[in-house]
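Here are my notes on this model, point by point. Please keep the structure open while reading.

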Amino acid sequence: VDDDNTCTFLVTQIHKWTTDPSFALPDGGSIHVGAMARVTYDTSTNVVTKASVYFTNDLIDHVFNEVFNTDQTKEFVCNVMANDCPTVFRANGLYSILDCVFFLRALATTTTTTND
């Protein structure tokens, strides 16, 4: 326990993710993912005050720029926006799923940043 009554835990894990071919690349298949989580727990309040998860840039690039960078994924996102957030959908100048797919195609799927 630190002087401020917090404990920091580091957890590392390896997971096997299997993609759903209905919205990812059909041959996306499975990928083994290494991840690390840093969790800060406040012993005085019995509350987790911060949780950060870390993935490698190569993994993020592969998952978002290759496996999920499909029109099926974009259509899924657009349908959720259109049906569950119609105000936001229209505020972005979107009036059809096709408009939305073209809008998402123009966006970068990831950016590389380092946060602590």
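1. Start with the second largest pocket. This is a predicted model. Helix H2, residues 71-84, gives the largest share of the pocket's lining, with three residues.

2. The lining of this pocket consists of Phe64, Phe68, Asn69, Thr73, Lys74, Val77, Leu104, Leu107, Ala108 and Thr109. By class, six of the lining residues are nonpolar, three are polar and one is charged. The pocket's volume is about 170 Å³.

3. Next, the fold. The protein chain contains three strands and four helices. Read from the N terminus, the order is β-β-β-α-α-α-α.

4. Seven residues make up the largest nonpolar core: Cys78, Met81, Phe89, Leu94, Cys100, Val101 and Leu104. H2 and helix H4 (97-105) supply at least two residues each. The largest share, three residues, is from H4.

5. Leu104 deserves a look in both places. This residue belongs to the largest nonpolar core, and Leu104 also lines the second largest pocket.

6. Which residues does Met81 touch, leaving out those up to four places away in sequence? They are Pro86, Phe89 and Leu94. Of these, Phe89 and Leu94 are listed in the largest nonpolar core along with Met81.

7. Finally, the whole chain. The protein chain has 116 residues, and 22% of them count as buried. Among contacts with a separation of 6 or more, 51% join residues 24 or more positions apart.

How values were computed. Residues are numbered from 1 along each chain as its sequence is written. This is a predicted model: local features need pLDDT of at least 70, side-chain atom pairs count only at pLDDT 80 or more; totals for chains, interfaces and linings use all residues. Side-chain values use heavy atoms; hydrogens and water are left out. On a 1 Å grid over the protein atoms alone, a cavity is a set of points where a 1.4 Å probe fits but cannot get out, and a pocket is an open set with protein on both sides within 12 Å along at least five of seven lines; lining residues have an atom within 4 Å of a point. Grid points are joined across faces, edges and corners, and a volume is the space filled by probe spheres set on the points. Ala, Val, Leu, Ile, Met, Phe, Trp, Tyr, Cys and Pro count as nonpolar, Asp, Glu, Lys and Arg as charged, and the others, Gly among them, as polar. Buried means under 20% relative accessible area, exposed over 50%, partly exposed in between (1.4 Å probe, protein chains only). Contact means heavy atoms within 4.5 Å. A nonpolar core is a set of buried Ala, Val, Leu, Ile, Met, Phe, Trp, Tyr and Cys residues joined through side-chain atoms within 4.5 Å.
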